[in-house]
Amino acid sequence: MPRVSYTAPTTIDDAVKALAASAGLAKVLSGGTDLLVQLKSGRARPELIVDTKRIPGMIGIREEGDTFVIGGATPGVMISADERLVKAFPGIVEGVDLIGSTQIQGRASIAGNLCNASPAADSVPPVIAARGTAVVAGPNGRREVPVEAIVTGPGQTSLQKGEFVVEFRIPKPKPRQSDAYLRFIPRTEMDIAVVGCAVNVTLDASGTCTDARVVLGAVAPTQIICAEAAQALIGHKLDDETLQKLDSAARGSCRPISDKRGTIEYRIKIAGVLARRAAAIAFERAAARA
Amino acid sequence: MSKHHVSTVINGEPKEFLCEAQQTLLDCLRDEMGLTGSKEGCGSGDCGACSVICDGKVVCSCLMLGVEAEGRTIITVEGVAEGEKLHPVQQKFLEHAALQCGFCTPGFIVAAKALLDENKNPTEEETRYWLAGNLCRCTGYDKIIRAVLDAAAVMRGENPPSPAA
């Protein structure tokens, strides 16, 4: 790999200063499972690597009142092992858990998955579906934005020089609220999503949906919050007619490309299929969370 | 640019090494510390031949910088046996002929040890999914999986029959 400088600050302010002051490109090192691959291939040529893992709070999961807070650099294995998260957001845990292999899970983080800005990122759709926010630290202080505001295109984020994602804040689910994430890949494991679909629903006592978010990944330059799909669910139970409308809405919102993993037509079809299946799982889980 | 000085614990022993920032942990293990058991199969975190256990989690050492090992505890394939006593996973790999060229084997042994440290009774499906990040071009995986499941039985105190000669 080409020469690079490395620093591991122990405070958020020191990390911001290091990122902002770097004359050349500075990259954040979280789990490193995307960054090191890109350093080796030459796709990323930073002058400085700022490792955020020594900053207290960057790794860890805590509750603050009505919110779960997940440190940006928390590895997948820690997220999957947290019983509170598994119970509250099985869909988010599913999304995180699908990233890579056991070895990748030992390091990969949500902040990295988000800021690497692949359209096919697996942890991002369910976090968006849960209305998660990202806390960004930078030279102008902290700001909290919806997670969907971070990714602006493939490999592109809205983060300015000196900024990095410190943590994710996700509102605790209400009674009868739950989620699911499904992904289609050509292989069994270790592949990039052809379609990813996250569904987060809230039901009333009769099983009628009162709130919903449907987020698709890998079928557009960024994740898509499919408003029409959510509207198909709200005010309805998950009967055949609703499922058909949901399928149509999901398919209609896609803007995929054809590549070696799937054609446009195939991705559109699978988006509808995964929306149906993810909704069925989310509804079942939500009803059980009375 | 001066080198980084890293203090770490490897296979139970305190070790120090000097490295440049861009050297991966795999580079440091092999080139700075002579621990050539971990292999570079792909360099991109896909094949698992470089697997090590870092602070209790199995990771790809090719995707970790050497400097990140500061203050951490690392177990490599060289630390799996206890002196001359093979770990049950290693013993069963031999009995089942779960290797041919052997290049993927260190990674599999480390990853399998990590599995059995966490899950004493994995199903075949759980074992295959856990080891999905370890690739083998020679064996077709089946003997590897049989060996790992057998090793798990031994570690539970059961006495599984020897594989057919």
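I looked up Gly37(B) and, leaving aside its neighbours within four places in sequence, found contacts with Thr76(B), Val77(B), Glu78(B) and Pro106(B); a contact means that the C-beta atoms of two residues, placed from the backbone, lie within 7 Å. The model is predicted: local features need pLDDT of at least 70 and side-chain atom pairs count only at pLDDT 80 or more, while totals for chains, interfaces and linings use all residues. Residues are numbered from 1 along each chain as its sequence is written, and chains are lettered from A and ligands numbered from 1 in the order in which they are written.

I placed Gly37(B) in the loop between helix 1 (25–32) and strand 3 (51–54) of chain B. Helices (H or I, at least four residues) and strands (E, at least two) are DSSP runs, numbered from the N terminus.

Is Gly37(B) buried or exposed? I noted it as buried, because 20 other C-beta atoms lie within 10 Å; the cut-offs are 20 or more for buried, 12 or fewer for exposed, and partly exposed in between, with C-beta atoms placed from the backbone.

I then checked Gly79(B), 42 residues from Gly37(B) along the chain, and read a C-alpha separation of 9.8 Å.

Next I turned to chain A, where three strands form an open, parallel sheet in the order 1-3-2. Strand 1 (5–7) and strand 2 (26–29) of chain A each have a single partner strand, so one side of each is left without a neighbour in the sheet. Pairing requires at least two DSSP bridges between two strands. I found three bridges between strand 1 and strand 3 (residues 48–51) of chain A, and Thr7(A) stands opposite Val50(A).
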